[in-house]
Structures are given as C-alpha cells and as structure tokens.
Amino acid sequence: MLNNPLLTEEQKTRYRGFCEFVQEHVEPHADQWDKSQGVPREVIGLCSEAGFVGGIFPEEFSGGGWDAVTFGLLNEAIGAASSSLCALFTVQTMVGTILAKWGTPDQQNKYLAPMAKGDMIASFAMTEPKVGSDIQAVETTFTPRGNGYLLSGSKKWITYSAMADIFLVFGKDKEDKSMACIVPSDAPGVEVIPLKDMLGFRGAHLSRIKLNDVEIPAGDLVGKPGLVMSYVAPYGLHYGRMSTAWSSAGLLRACLETGAAYASERRAFGRPIMDHGMIRQIVTDMGVDLEAARHLCLGASMADDSHSPGAVEKTLIAKYYATRAAVRAAADTVQIMGAAGCHEENPAARYYRNAKIMEIIEGTSQVHQEILGKSFCKKFRKR
Ligand SMILES: Cc1cc2nc3c(=O)[nH]c(=O)nc-3n(C[C@H](O)[C@H](O)[C@H](O)COP(=O)(O)OP(=O)(O)OC[C@H]3O[C@@H](n4cnc5c(N)ncnc54)[C@H](O)[C@@H]3O)c2cc1C
C-alpha cells in the first residue's frame, strides 16, 4: 500500500501505525482467538485506546474524523491478520454512521461518544432465521403500546452481539412500514444465545437474539418509519461493504505473503516449487488480484471522501471483486501448501474459512451481481 501514489503522507503514516499495532497485538494472537472462538474484550480496549474503534466517527462525537480511505487502510491492516477482529470495526461503523446521519440529537449524544471510545459495542441486527438477503421481508414486528412500541421477533448471525451493549434492530409495523430502533442488550425481554462453530469469523461473537415483547420508547426509534429499508439500512450497509472489501484485500495480501513465502522454501523435484511454472502462475494471479482489489477499494473510498454520486456503486464493485478474489487466493494458498495448508496449525486454513464468509456478509455475491448487473445493463443498453 505504501508505494501507492494516491495516498497522502498522513494516510501512509497512519497505515504504518496500523501495521505496527497488528504486528504487536493482533498477528501473534489471531489464531488463538479463532481456536477459543472469541476476540477478548481487552483487545478491543487496546483498539479503543489507539483510536481505531471510532476512527471514522465525527470528531464532535469523540471520533477520529478520519476520511474513508484511512478507515479502509485500518480494515486492510487488521483484516490481513484477523477477520474476526476486523468485523468489530465493520459493525461498529455500520451502526455509528447510521446514528451520525439518521439519529436524533439525543441518540447521538447518548450513543455516539461511548461507541467512538469503544466503551459501548453496537451490533447491526437485520438478519432473521427465515430472512436474509431479502431485507424487505423481515418479520420482526413493532406493535404500538402507550408512547412507544413492543418489539417481537428473532435475529440470527449477528456479529459481536454476544458482547454488544446495544443492538440496532430492524423490523416492521402492522402496516408494513419498515422501522428500526436501539435496543439495550440487557433490556427485559431480550435473550442472547451465542453461536459457536461457525465456518469462519469464529472470534466475532455471533449470536441469535430473541426479542420477546421488548418495550421500546418512541425516542429510541431510528429513522422515519417507512423509509428505514430504503435509506437508513443501505447507509450502514454501504460502510459495511467498504469495510468488508478492504478487509478482504488485507486477507488477500496475507494469502499472497503466506503462499509465496512457502513456495520459495518448499522443494519438489529438485527445486523450490516457486520455480515450477504452474505455481508461479498461481502467484501471478494472486498478485494481480491484490493490485486490482486495492485499486477498487481505494477508488471507492476516495469517491466516498469526495461525496461522489458514484461512491455507492464503486463500493459494491470493490466488495464484489475483493471478496471473490480473496476466496480464490485463499483456495490457492491452501493448494500451494498442499497438506500443510489443510491443517489448523497453519494460518492458510483459517484464511480459507474466513474468505468464504466475505462473500456472504453485507450482501452475497449473487445480490451484488443482481444490483450491478441491472445497473450495467441499464447504462450500456442501446434500446
Ligand atoms: C459470519 C457472519 C456474520 C454475519 N453478521 C451479520 C450481522 O452482524 N448482522 C446481520 O444482520 N446479519 C449478519 N449475517 C447474516 C448475513 O447478512 C446473511 O447471511 C446474508 O445477508 C445472506 O442471507 P442468508 O444467509 O439468509 O441467505 P439467503 O438470503 O437465504 O440466500 C441463500 C442463497 O440464495 C442466494 N440468493 C438470495 N437472493 C437471491 C437473488 N435475488 N438472486 C440470486 N440469488 C439469490 C444467496 O446469494 C445465497 O447464495 C452474518 C452472516 C455470517 C455468516
């Protein structure tokens, strides 16, 4: 990243700092967090002290006021070592950016500063046992009661929810108007059931959340009822995609570094396997994919920083490309390493499991194909 002429000196300095942090506090432990299935709270404390957790939050709410490129660089650096830790920045930023844009002044004052400092962890609770990609079909219901609502339903696969202090929950009222609200994780009627043994993101504290007639004061609603799925949720998902795209680019880099290093040392048929053309071809594809993914991520974040109307589409493209490229690179790293890549004593196995998750979260690859395909067809159709 550091030789990219598009980065400013300040962005490069920050990136160096992220990489030093990763070397000291993340890389040596990432495997252990995966095996014990949980990133420890103390590590999140270290990230908070370093100003990473609320880096992109506005300065007026104790955030770092970073641009989207710097946020991306953080995700690249952390994502290269621990997808599970990086997922914290994904979800915290999704909820934080939504509150900064759509929250009331009361909500912003109450939640944003503690979130920016890492004193409060937030989860983005959209997916349900029966509803995933089709977010308009969520079944969680808001029923009017007194000055507020009763919230009922069930959310599943929610990142960091097993340790979160608040959830941003999405649902609908009886008239099918989309709604969202803040729910404290210790509110009466909330039941959190941790989910273990995921394929990847094993340290990311996923859980299922049952909402049994939870009382929601009207002041805790986020966004205007009816507009939540069209404006509020997509705003958070945009930053979730940005985070995931950069994190995948980081994972891709880790795959290339691991695979190429192994290929230079492992010998077969009298020479290092890197000197066999077919292995070199695999390394070539990984290197080209890494360069392409980085450019797409950078272009998307720069477009966001300049408030370009194309930022959303560029982020979709970056997420679609970088996640699929990470899956290819992770599979190729295992291939280069042979049996050694198939055992958990080696990070390649973890990269392989985490890469597949990237293609599923924040809109699956098929959902991206659907949106981008329609957009490209519209742009280039003759009649
Ligand atoms: C590790 C992990 C962390 C997660 N964290 C969160 C979180 O923090 N918050 C949250 O709300 N959710 C979270 N999720 C859930 C995630 O957002 C969903 O898994 C995702 O949206 C897909 O939904 P689904 O799994 O129900 O799959 P479905 O929507 O049931 O899709 C199944 C398959 O059908 C395909 N498909 C669906 N619709 C179409 C279509 N129109 N055209 C073509 N193919 C289609 C999909 O691409 C997929 O291949 C997480 C999931 C994982 C695995």
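This is a predicted model: local features need pLDDT of at least 70, side-chain atom pairs count only at pLDDT 80 or more; totals for chains, interfaces and linings use all residues.
Student: What is the general idea behind a nonpolar core, and which residues have the most contacts inside the largest one here?

Tutor: In soluble globular proteins, nonpolar side chains tend to be buried together. In this model the largest nonpolar core has 122 residues, and those with the most contacts inside it are I78, L168, V169, L252, C297, A322 and A326. Helix 7, which covers residues 228-265, supplies the largest share of this core, namely 17 residues.

Student: Taking I78 from that list, which residues is I78 in contact with once its neighbours within four places in sequence are left aside?

Tutor: With those neighbours set aside, I78 is in contact with F18, V22, V26, L85, C86, F89 and G250. I78 is also one of the residues through which helix 4 meets helix 7, and G250 is among the residues on the helix 7 side of that meeting.

Student: How should I read the packing of helix 4 and helix 7?

Tutor: Two packed helices are described by the angle between their axes and the distance between the axes. For helix 4, residues 68-79, and helix 7, the axes come within 7 Å and cross at roughly 45°, which makes helix 4 oblique to helix 7. Helix 4 passes helix 7 in a right-handed crossing. The residues that meet are A68, G72, N75, E76, A77, I78 and G79 in helix 4, and M242, S243, W246, S247, S248, A249, G250 and L251 in helix 7. By class, that contact divides into 7 nonpolar, 7 polar and 1 charged.

Student: At what angle do helix 7 and helix 10 pack, and which residues make the contact?

Tutor: Helix 10 spans residues 347-358, and it packs with helix 7 at an angle of about 155°, the axes being 10 Å apart. An angle over 145 degrees counts as roughly antiparallel, and helix 7 and helix 10 are therefore roughly antiparallel to each other. Helix 7 passes helix 10 in a left-handed crossing. On the helix 7 side the contact is made by T244, S248, L251, A254, C255 and T258, and on the helix 10 side by P347, A348, Y351, N354, A355 and M358. This contact has 8 nonpolar, 4 polar and no charged residues.

Student: Are helix 7 and helix 9 roughly parallel or roughly antiparallel to each other?

Tutor: Their axes come within 8 Å and cross at roughly 25°, and because angles under 35 degrees count as roughly parallel, helix 7 and helix 9 are described as roughly parallel to each other. Helix 7 passes helix 9 in a left-handed crossing, and the contact has 19 nonpolar, 8 polar and 3 charged residues.

Student: Which class do S230 and V288 fall into, buried or exposed?

Tutor: S230 is found in helix 7 and, with 11 C-beta neighbours inside 10 Å, counts as exposed. V288 lies in helix 8, residues 277-305, and V288 likewise has 11 C-beta neighbours inside 10 Å, so it counts as exposed.

Methods: Residues are numbered from 1 along each chain as its sequence is written. A nonpolar core is a set of buried Ala, Val, Leu, Ile, Met, Phe, Trp, Tyr and Cys residues joined through C-beta atoms within 7 Å. A residue is buried if 20 or more other C-beta atoms lie within 10 Å of its own, exposed if 12 or fewer, and partly exposed in between; C-beta atoms are placed from the backbone. Helices (H or I, at least four residues) and strands (E, at least two) are DSSP runs, numbered from the N terminus. Two residues are in contact if their C-beta atoms, placed from the backbone, lie within 7 Å. Axes are lines fitted to C-alpha atoms, for helices over the stretch in contact, and angles run from 0 to 180 degrees between N-to-C directions. Angles under 35 degrees count as roughly parallel, over 145 as roughly antiparallel, 65 to 115 as roughly perpendicular and the rest as oblique. A crossing is left-handed if the near helix is turned anticlockwise from the far one by less than a right angle, and right-handed if clockwise. Ala, Val, Leu, Ile, Met, Phe, Trp, Tyr, Cys and Pro count as nonpolar, Asp, Glu, Lys and Arg as charged, and the others, Gly among them, as polar.
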